[in-house]
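Q: Please examine the terms applied to this model and set each against its definition.

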Amino acid sequence: MRLTIINALRVAAVDDETIAAQIITAKGWDADTHADVLKRVRHALQRAQKDGHVVQDFGPDGRLWRLASTARLDSPIGTSHV
């Protein structure tokens, strides 16, 4: 799951619901697994955030997740999102 999340975030910043939907589609699972997959995605994102791999962007588009290295490149000098 972690690799799928990282690959999704390499393309663009997305929310956890979108990542869960991508995983369900990629695995060919039924839509009734959405709640379980979403829970697992959120836990995986929290672990990745603690490890410094991803950050949550609270911008005008909502709460989007993105790779931490991308956040650092976009941040003004002297600030940190991690």
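Q: How many bridges join strand E1 to strand E2, and in which direction do the strands run?
A: Six bridges join E1 (residues 54–59) to E2 (residues 62–67), and the two run antiparallel. Strands here are DSSP runs of E with at least two residues, helices are runs of H or I with at least four, and both are numbered from the N terminus. Strands pair if DSSP finds at least two bridges between them. Val55 stands opposite Arg66 in E2, and a hairpin of two residues joins E1 to E2.

The model is predicted: local features need pLDDT of at least 70, side-chain atom pairs count only at pLDDT 80 or more, and totals for chains, interfaces and linings use all residues. Residues are numbered from 1 along each chain as its sequence is written, and side-chain values use heavy atoms, leaving out hydrogens and water.

Q: Why are H2 and H3 called oblique to each other?
A: Helix H2 (residues 16–27) and helix H3 (residues 34–50) pack at an angle of about 120°. Angles under 35 degrees count as roughly parallel, over 145 as roughly antiparallel, 65 to 115 as roughly perpendicular and the rest as oblique. H2 and H3 are therefore oblique.

Q: Why is Asp16 called buried?
A: Buried means under 20% relative accessible area, exposed over 50% and partly exposed in between, with a 1.4 Å probe and protein chains only. Asp16 has a relative accessible area of 11% and is therefore buried.

Q: Which residues does Asp16 touch, not counting residues up to four places away in sequence?
A: Asp16, in helix H2, touches Leu38, Val41, Arg42, Leu45 and Trp65. Contact means heavy atoms within 4.5 Å.

How values were computed. Axes are lines fitted to C-alpha atoms, for helices over the stretch in contact, and angles run from 0 to 180 degrees between N-to-C directions.
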